Amino acid sequence: MENQESTVQYPGAHELDKKDRPWIFRTYAGHTNVQASNELYKANLKKGQTGLSIAFDLPTQCGYSSDDLIAQPEIGKVGVPINTLDDFDVLFKDIDIHQINTSMTINGTSMWLLSLYIALAEERGIPIASLQGTTQNDLIKEFLARGTYVFPPDASMKLIVDMYEYCLKHIPKWNPSNVCSYHLQEAGATPVQELAYSLVTAITLLDAVKARKCFSEEEFERCVGRVSFFVNAGMRFVEEMCKMRAFTELWEKITTERYGVKNPKFKRFRYGVQVNSLGLTEEQPENNAWRILIESLGVTLSRKARCRALQLPAWNEALSLPRPWDQQWSLRLQQILAFETDLLEYPDLFDGSPVVESKVEALKKEALLEIDKIMEMGGGIDAIKSGYMKAQLVDSQADRLSKINTGEQTVVGKNKWTDGVESPLMQSADGGVFKIDPEATKKTLEALANTKQQRDENRVRAALAQLEADARSEKNLMLASIECAKARVSTGEWSQVLRNVFGEYRPPTGVEGQSLSLEDGALDEVRNKIEAFVAKNGYRPRLLVGKPGLDGHSNGAEMISVAARHAGFDVIYYGIRLSAADIVNSAVEENVDLIGISLLSGSHMEIVDQIFTALSDAGADQQIPVILGGIIPKADHEILLEKGIKRIFTPRDSDLITLVNEMMDVIDSSLAT
Amino acid sequence: MPAIPTDQASMLQQIEQARSGNKFALAKLVSLFENQKKEMIALRQVALSFLKDNIDESSAGFFIGVTGTPGAGKSSLIGKVCETLLAQDANIRIAVLAVDPASQVSGGALLGDRTRVQFHKNRSRFYFRSQSSNKDLGGISFSTFHVLRLLRYFFDLIIIETVGIGQSEVAIKDLVDHTLLVMQPLSGDQIQFLKAGIMEIPDTFIVNKCDQEQVAKQSYHALKSSLRQYASVQAGATDRKSARLVHRLFMTSVLNGLGVEELACHLTELVKDASQRSCFQEKEMSYFEQWVKNEYGKYGERNLDQFFNAYTASLELDFLQEKFQHYMDFSRFNTS
């Protein structure tokens, strides 16, 4: 257990013969409201967790206050709701924020959350220079995969650079952003794409910082040293370990050659990990415990490329949000690996291995080619605007799913050895899943109303006016944001001012120009069905696909759209962040035969109710069938079907053509009634 | 559950409901006009003659065609301009018909234009419909023509969005009162259009995505000079003509709203100006001629009268197709 306090120091090469320090143990956590999350954090720290990793709810991530209509079904669902500084005070109650390392998974509104953290420290009388932690703040991967962007790419980049400029001078131990390859892998990226796209992101970021010319050479070198990464680790753990070594070597090359960094300390590839959730299965979920262990090995075995911080998903993540016990089980895995085994005692185990070296070289070579290609296309921001990277990821994901469907890639319990005894883990009273108390959102809304009532409105107006003025005159927005925080401005108010100035961005989807290689008998069967429908009815079946609510995981919806088009549907793809009324209005205007909605945030009950109410308001009650896809706990299926949903598809239903076939069945039986 | 009206009584009922603002009823009528079953021909004829008898021709809608290369930002710009128009004029009713190409393999289509049109206010006066161009080459589909004949009775302004450049603009030009060409700044689009002789087609030029002032200025001057150059090489072109062309040139940005108000005002003027309208029957006929030539080649051209008589009797191109089927080796609009 020695040296835990000194995790902020990094061992130099000369220290490699000493015993390595353990990484920071984290669990991605936050839910319901600030009171419940605060209890959870304190309990986790007591269990031996050494850092906090805060999950925010979707309204907070997308820049809406809890009292906004679009926010209401989502409050506290996937993380903690934060509206004002008063919420932050409760969230960190009895937690020493100058001692703890806090990682915030926040992107579009990261400047706002950092401002709240700084304001909290200042109000508590803590020198802000002592704060340490990370704001995730990688917008490129939000545009590509995760979906909680708020502002357009150029404005987003400006905010990130503002934060680098401010942090380097005032909170030197803060990582203003974390370049994420994590979500790229979740979106289907191959190791080469993961390497290339996240390094392109880092280059785009540093080029933007450099272009502002706000740092001296020495400061810029330190700034390069602040760039940290957030990586994913999947089941092919040998390749993943090689990927991590490739990352460290490529980063050293880039920092040296492109940015002329001399101090080896600032060339080090610093990264945290959350291991892969994509490979976790809904079928036989207990097997996921072993998958998580194996994935952890990929990022811990090689000392040269060992992670700085590790957070593990819970075994039942494919089913729902984890319960405290599920998270504890994952934390124990980390503790056993670090403290019971001899892993930390040795220098690097793979130095000199020809197998590892050649694999690393191959990955580096391919990644460099892809990096050059994107840089020739104009760099990361242009590759976002053109949709190039997004389309590549959709392709890779389609490829991965086809391989699972054809059995080319074995997934135990899913496409092989699928019979088994039911797990006793699923048989507890709560069905093995976590549920949020719907009454708890009241507390959040009341707190917001209270703050709004008690705050000094003049100070609020002045702070927001200053924010707007600074944004229009392209000043650094940190100071104005910190003043907003202290004035008790809300998350929605801060975001709206900047939306007015910068606009709101809708990135290109991955659906255009995509094709799938799914030519087989099953496809012919669906196509015949559709052609029969066209001959009989005189038009092509029309499907509307959209994502209600704020969760931005659009890949599933996009895959379905591409598959349905491939089979012969006319697919109206309507994108993300829609209200139930938006979706129903579109379905009615387009006179579609089927509405497909996808939801991963856990707010399906509320949103499905809203959809059916809107359908009946539009006079389309019982006339357009609705199907639902996403992470929907089994226990909810029956209720949803009773509400009127015709089919529910979960990650278990990964065969796209079977799925499209079933959609045709729903349409046929609906037309028959 | 029938998705479209199948008998005369329910169809006329749908028309009444659609006229009183019921969107679902209107949407079902649009589906009827897109439908390729032969039985629908008679229903459409009834619908059209009913509308003709009950709605004053002078209140029928104005057609604007919007075209340009993929990625020029047509959908976002249309969304923004419509939002502005609806806010400026408390009575105007607008429909957008967005046509996207279908997969040549499966016949299915991904219609994604809706993702770029987002607004909630004034929803009752705005209608958006996505349409696949089926397996037709070119920007607009066979059923586009059918649907436009319907929508003109329900809206003051009908915007038709098509992709691509080439054949489709010729087709769209035949159908609409005014054509907008949307281009990306400094993309070399204008040079391509000059080469292809397409500059003579659009009535209004728009350089979209002028998010930065510098880009806007550069694009403006580049396009202005190509238009001048184009005008000067045109036989008989006068300075006045080139001046007129330059007048209809807009720099826009959806992101910061540049030029959107101006464009909206320009469109409002067009809608109000009776001299801008061409007679729908004439448009119909010139589209018809074009269609017969494309479909039946020299044979069609020689027998245009015969086709024309058949057409006026039925008001349906489908009908012609059936009638002249024996002259064709294949039919492009085969439904199966």
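## A walk through a two-chain model

In chain A, 5 strands line up as an open sheet in the order 2-3-4-5-6, with parallel pairing. Strands here are DSSP runs of E with at least two residues, helices are runs of H or I with at least four residues, and both are numbered from the N terminus. Two strands pair if DSSP finds at least two bridges between them. Strand 2 (28–29) and strand 6 (174–175) of chain A stand at the edges with a single partner strand each, so one side of each has no neighbour in the sheet. Strand 2 of chain A is joined to strand 3 (residues 51–55) of chain A by 2 bridges, and A:Ala29 stands opposite A:Ile54 there.

Before going on, please note that this is a predicted model: local features need pLDDT of at least 70, side-chain atom pairs count only at pLDDT 80 or more, and totals for chains, interfaces and linings use all residues. Residues are numbered from 1 along each chain as its sequence is written, while chains are lettered from A and ligands numbered from 1 in the order in which they are written.

**Where the chains meet**

How many residues of chain B are in contact with chain A? There are 35, and they meet 40 residues of chain A; contact is counted when C-beta atoms, placed from the backbone, lie within 7 Å. Helix 2 (23–34), strand 3 (109–111) and strand 4 (126–132) of chain B each supply at least two residues of the side that touches chain A. The largest share, 7 residues, comes from helix 2 of chain B.

| Strands | Bridges | Sense |
|---|---|---|
| Strand 12 (residues 570–573) of chain A and strand 3 of chain B | 3 bridges | parallel |
| Strand 2 of chain A and strand 3 of chain A | 2 bridges | parallel |
| Strand 2 of chain B and strand 4 of chain B | 7 bridges | parallel |

Within chain B, B:Val99 has B:Gln131 of strand 4 as its bridge partner.

**Inside chain B**

Is strand 4 of chain B buried or exposed? A residue is buried if 20 or more other C-beta atoms lie within 10 Å of its own, exposed if 12 or fewer, and partly exposed in between, with C-beta atoms placed from the backbone. In strand 4 of chain B, 7 of the 7 residues are buried, so the strand is largely enclosed by the rest of the structure. B:Phe126, B:Phe128, B:Ser130 and B:Ser132 point one way, whereas B:Tyr127, B:Arg129 and B:Gln131 point the other way.

Helix 4 (residues 74–88) of chain B has 15 residues, and 12 of them are buried. Among the elements that cover its buried residues are strand 4 and helix 10 (260–272) of chain B.

B:Met251 lies in strand 8 (residues 249–251) of chain B. B:Met251 counts as buried because it has 22 C-beta neighbours inside 10 Å. Leaving out residues up to four places away in sequence, B:Met251 touches several residues, including B:Val207, B:Tyr220 and B:Leu258.

**The largest nonpolar core**

A nonpolar core is a set of buried Ala, Val, Leu, Ile, Met, Phe, Trp, Tyr and Cys residues joined through C-beta atoms within 7 Å. The largest one holds 257 residues, and A:Leu116, A:Val571, A:Val660, B:Ile94 and B:Ile158 touch the most other members. Helix 8 (residues 191–212) of chain A gives the most to this core, with 11 residues.

Definitions and conventions
Contact = placed C-beta atoms within 7 Å. Expected span 1.5 Å × (residues − 1).
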